[in-house]
Amino acid sequence: MEAQVRALLLLLVLTPSVAEKNLTGTVGGSITLPKPVLELGFIIYEAKALAMVTDGKMKIVEKMYENKLLWSDRTGCFTITDLQKNDSGIYTVDLKGSGVTAYKLSVFDSVSAPTVNRLGSDSCVLLCEVVNAEETTLLWYKDDEVVKQNSSAPSLSLTVHEQDYRSSYRCVAANPAEHKAEPVNLEETCGPTYTGRNQEKPEDRSRVIGIVVSIVSVVVIAIVGIMIKKRYHNQKPTAAQGPDNVETEVQYTDVHFYDDTRGQQRENVPEPSGNHGRTQLETVYDKLEVHRLVQHSDRG
C-alpha cells in the first residue's frame, strides 16, 4: 500500500503543473472538490498524500484527516469538513487514466451580519456596521447598483437624498467566501425625512380633526335653531285654548229684543234650555243684550 502511494506521488511529481481552480470556504464549514475518483486515485495536500481510493473504497493515509476527509462512493468526490484557516492551500486530485486536477482553497472567517442605523435627525444618513471587519468588504447598494464600498473597515455611511427615497437600499458585508445583506426600510429608519417635509404628525392630525368636528357641531346646532324658529313663526292662529291647551267650545243662544218695561224685559228673557246650569250657558252675548235692554227701558 505504501509502495503504491509512493509510486503515485512520484507520478504526480513528474506530471507537468496544471492550472489551479480557486475554491473558497468559511471557518467551520465544508468544501467538496468536484473532481470524482471512482476507481483508482488519490488526494494530496501540498506534497502530502491524504487518502487514496482503490477497489471502490477510501483509505486514509494522513491520520489527522480520519474524521475530516470524506469520500462518496456514489459521486466519487472528496469533501473536507470542519474547515479552518490552516486548511487553505493547494489540493490535488489524481486518478488513473484521467489526469490531475489542482484546486487552490482559501478559507475565510464567516461574515458578520451587518446592522444599519440612522445618524442624526435632520437628514437621512445611514451607517452600516459589522463586528468583524477583517477580510470583509462593506457595500451600499441602491437597487442593483453599488454606490459606495469600503474594505476591512468596521463601518460605512451613506447619505440618502430626497429624490432617491423611492429606490431600495441595502448594505452588504462580503468576503470571497460568502456575503450577508441588510435591507433598509427608509420609512422606518429615516422617519419624517422619508415621508416629506410637509407630512403632518399624528398629533397635528388629531388637532385638525377636533377643530373640524367642533365647527361642524356649531353649524348643525345653528341650522336646527333656525329651522325651529322659522317653523314657530309660520304657525297660524288656532281656536281659543284653555289653560291646558285644550280648545274650549263656545256655545251660543238666541237673542230676543223687547220694548217692554224693565221688569217685563227681565221676566221675558228666555231661560237657557237643557240640564246645564245658567252660569255654564251664559255668554258675552247674553250680558251685552241685557245691558242694552236695560238702558233702552230707562230712556223710555
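Author: pLDDT is the predictor's confidence in each residue, on a scale from 0 to 100. The structure is a predicted model, in which local features need pLDDT of at least 70 and side-chain atom pairs count only at pLDDT 80 or more, while totals for chains, interfaces and linings use all residues. Residues are numbered from 1 along each chain as its sequence is written, and side-chain values use heavy atoms, with hydrogens and water left out.

Reader: Which element of the protein chain has the highest mean pLDDT?

Author: Helices (H or I, at least four residues) and strands (E, at least two) are DSSP runs, numbered from the N terminus, and the protein chain has seven helices and 16 strands. For the chain as a whole the mean pLDDT is 78, with 67% of the residues reaching 70 or more. Among the elements, helix H6 (residues 278-281) has the lowest mean, 46, whereas the highest, 97, belongs to strand E7 (residues 78-80).

Reader: How many contacts does the model have for residues 274-281, beyond four places in sequence?

Author: A contact means heavy atoms within 4.5 Å. Where pLDDT is low, the predicted coordinates should not be read in detail. Over residues 274-281 the pLDDT stays under 50, and the number of contacts that the model has for them, beyond four places in sequence, is seven.

Reader: How far apart are the end C-alpha atoms of residues 208-228?

Author: An unreviewed UniProt entry lists residues 208-228 as "transmembrane region"; such annotations may be inferred rather than shown by experiment. In the model this stretch is 100% helix and 0% strand, and the distance between its end C-alpha atoms is 31 Å.

Reader: Is Val-224 buried or exposed, or in between, and what is its relative accessible area?

Author: Val-224 is found in helix H4 (residues 202-233), and together with Val-208, Val-212, Val-216, Val-220 and Ile-228 it makes a nonpolar surface patch of about 490 Å². Such a patch is made of residues with over 30% relative accessible area and no salt bridge, their nonpolar side chains being joined within 5 Å. Buried means under 20% relative accessible area, exposed over 50%, and partly exposed in between, with a 1.4 Å probe. Val-224 is partly exposed, and its relative accessible area is 40%.

Reader: How far apart in space are Gly-28 and Lys-85, C-alpha to C-alpha?

Author: Gly-28 has its place in the loop between strand E1 (20-26) and strand E2 (31-33). Leaving aside residues up to four places away in sequence, Gly-28 touches Asp-82, Leu-83 and Gln-84. Gly-28 and Lys-85 are 57 residues apart in sequence, but their C-alpha distance in space is 9.4 Å.

How values were computed. Patches are made of residues with over 30% relative accessible area and no salt bridge: like charges are joined within 9 Å, nonpolar side chains (Val, Leu, Ile, Met, Phe, Trp, Tyr) within 5 Å. Accessible areas come from the Shrake-Rupley method with a 1.4 Å probe; for residues, only the protein chains shown count as cover. A salt bridge is a side-chain nitrogen of Lys or Arg within 4 Å of a carboxyl oxygen of Asp or Glu.
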